[in-house]
Amino acid sequence: MKKGLLKPDYIFESSWEVCNKVGGIYTVLSTRAKTLQDMMQDRVIFIGPDFWKKKESPYFTEDKALLADWRQKAVDSGLKVRIGRWKVPGAPISVLVDFTPYFEQKNDIYGWLWEHYQVDSLHAYGDYDEASMFSYAAGLVVESLYQWLNTQQSSLNAIYHANEWMCGLGALYINNRLPQIGTIFTTHATSIGRSIAGNQKPLYDYLFAYNGDQMAGELNMQSKHSIEKQTAHYVDCFTTVSDITANECRELLDKPVDVVLPNGFDNSFVPAPAVFTRKRKAARQRLLAVANALLGENLGDDTLIISTSGRYEFRNKGIDVFVEAMNRLLRDKDLKKNVVAFIEVPGWVGEPRKDLQDRLKSGKAYDTPLEVPQVTHWLHNMSHDNVLGMMKYYDMHNRKDERVKVIFLPCYLDGNDGIVNMTYYDVVLGNDLCIYPSYYEPWGYTPLEAVAFKVPCITTDLAGFGLWANSVFGHYGEIEDGVKVIHRTDYNYSEVADAIKDTVAAFSGYTKKQIDSCRRHADALSKKALWSEFIQYYEQAYDIALRKAQERQNS
């Protein structure tokens, strides 16, 4: 830690995604854990929802000896907690809390929230109640744990760090009940900004003119927006993950952020060189085996394997423009290689295709495609799926004579999907090129993960990562730099699709030497985004929050 900065004795950090792998925040916290553990040695404690109760969790190992005295105290007070370690590098202490008992107090909790912080929970629907009850339970855990620790050692410097609107209620509870704790709130994307973008409205040109409260009413987002906005205003240190989202916070939440906390990566996820080569080969073999079995083709190792991945936000993540670019690439005379383009985005998946499983098991070569050779798993909504619908509209049927084949892999790559049966990190390093043409992307973990695995990628300057890459390069990134950053606006969809098509076509003609150079530059950029580089911004946030907490105690 830098000299002169106040340091926390304990950090309590809560998120819906602690030991619960559902989105990008899981990556933020799980990759940062080791850096914090190295700094704090078991004095950083993560709090997450307990969905497994008595069952075994794939992300968490219970340890009944950990904090055993406090556990007894917590249980006696009515808290239902399990204490153990998160199964990620650093293995930090994690407390999983069962939040279901608080539903019966929901109206009283919301009444308290309105009375003290004017949070409007009247319009709540969907996941608002569940998230709020977890957040309240997390606040109770921190209160109980802090009071117990304080009897062990007096006047602790403690931080409570809440991630996303889902944890806002707990941050406000701590703000009210334990003013001696410094509070930090990180919004990883404003709920209203994401909603504006997802509802096909132009976000960037009109950002200065949007009123967050008014848009929340229009888009039926009042409760999520309200808890997010009030938490931002009341915590000691309000943060977000990129400059682009900081603009959003200022305009839509009427609150400038105190610090930008860019998202880093931890290199321990990347295999050592000897293993890396073996894993890359295995990933390519598996992806080509799936493609060949599905398509009835014999695509060899010189095939260009490209992909896009992330959450299924069709417009926000640029999945639409990816399909558009692949459709245009079909007719590009400069394309020098066959291309298999995977869309690795979890859809409403039914089951893995039995016919595809049978072909893969047989190990035989086939020369006829399966029915619907665009998808690896059956979906519940085949006729209403955006990806399949757009491919059908463009008559993209992966025909034999076409050089570009697009395959939708609509499930989480957790190693047990029934078709690929490899984890995302084991699959991503098999790519030649990754493409993430986001329209709305506060940071952008997918391009950072790609370059960490030495895969050059394409992203846009509407992604926080793309803007950061440009600032490191001192110019708009080109694929030779390891990251091609495309200028994207509210209205230049067609130009973005062309830029992707042209970049892939050019890359298909690169020599081995040129490709190796791109891969080296991608790797070098990823080293500048390690948590060891970015943790300094967290140290600033801890300092700000602790100073405010001290001022409160002294006044």
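This note goes through the fold, the charge pairs and a few loop residues of a predicted model.

1. Basis. The model is predicted; local features need pLDDT of at least 70, side-chain atom pairs count only at pLDDT 80 or more, and totals for chains, interfaces and linings use all residues. Residues are numbered from 1 along each chain as its sequence is written, and side-chain values use heavy atoms, with hydrogens and water left out.

2. Overall fold. The protein has 19 helices and 17 strands; helices (H or I, at least four residues) and strands (E, at least two) are DSSP runs, numbered from the N terminus. The radius of gyration is 24 Å, close to the 24 Å that the globule rule gives for 555 residues, so the protein is as compact as a globular protein of that length. That radius is taken over C-alpha atoms, and the rule is 2.2 Å times the number of residues to the power 0.38. The C-alpha trace spans about 75 × 50 × 45 Å along its principal axes.

3. Of the 555 residues, 60% count as buried. Buried means under 20% relative accessible area, exposed over 50%, and partly exposed in between (1.4 Å probe, protein chains only). Among contacts with a separation of 6 or more, 73% come from residues 24 or more positions apart; contact means heavy atoms within 4.5 Å.

4. Surface. The accessible surface comes to about 22000 Å², and carbon and sulfur atoms hold 50% of it. The areas come from the Shrake-Rupley method with a 1.4 Å probe; for residues, only the protein chains shown count as cover.

5. Charges. There are 62 positive and 70 negative charges, and their mean positions are 6 Å apart. Lys and Arg count as positive and Asp and Glu as negative, while His and the chain ends are not counted. Each charge is placed at NZ of Lys, CZ of Arg, CG of Asp or CD of Glu.

6. Salt bridges. The whole structure holds 34 salt bridges, the criterion being a side-chain nitrogen of Lys or Arg within 4 Å of a carboxyl oxygen of Asp or Glu. One of them joins R32 to E13, with the closest N and O atoms 2.9 Å apart. This pair links distant parts of the chain: R32 is in helix α1 (residues 24-40) and E13 in strand β1 (residues 10-14), 19 residues apart. Both R32 and E13 are buried.

7. A bridge between helices. D213 and K229 form a salt bridge, their closest N and O atoms being 3.1 Å apart. D213 lies in helix α7 (residues 212-218) and K229 in helix α8 (residues 222-234), so the pair ties together parts that are 16 residues apart in sequence. D213 is partly exposed, with a relative accessible area of 42%, whereas K229 counts as buried at 12%.

8. Further charge pairing. E478 and K484 meet through their side chains in a salt bridge (3.1 Å, N to O). E478 is partly exposed at 34% relative accessible area; K484 is buried at 15%. Elsewhere, a network of salt bridges links D50, E62, R71 and R82.

9. Helix α9. In helix α9 (residues 243-252), the buried residues are I244, T245, A246, E248, C249 and L252.

10. Other positive phi values. D395, a residue other than glycine, has a positive phi near 60°. D395 sits in the loop between α13 (386-393) and β14 (404-409) and is partly exposed at 40% relative accessibility. N421, likewise not a glycine, has a positive phi of about 55°. The loop that holds N421 runs between β14 and α14 (424-428), and N421 counts as partly exposed at 38% relative accessibility.

11. L178. This residue lies in the loop between α5 (168-177) and β7 (182-187) and counts as buried at 4% relative accessibility. Leaving aside neighbours within four places in sequence, L178 is in contact with E143, Y146, Q147 and Y173.

12. D120. The loop between α3 (106-117) and α4 (128-152) contains D120, which is buried with a relative accessible area of 17%. Not counting residues up to four places away in sequence, D120 touches W114, Y128, Q222, S223 and S226.
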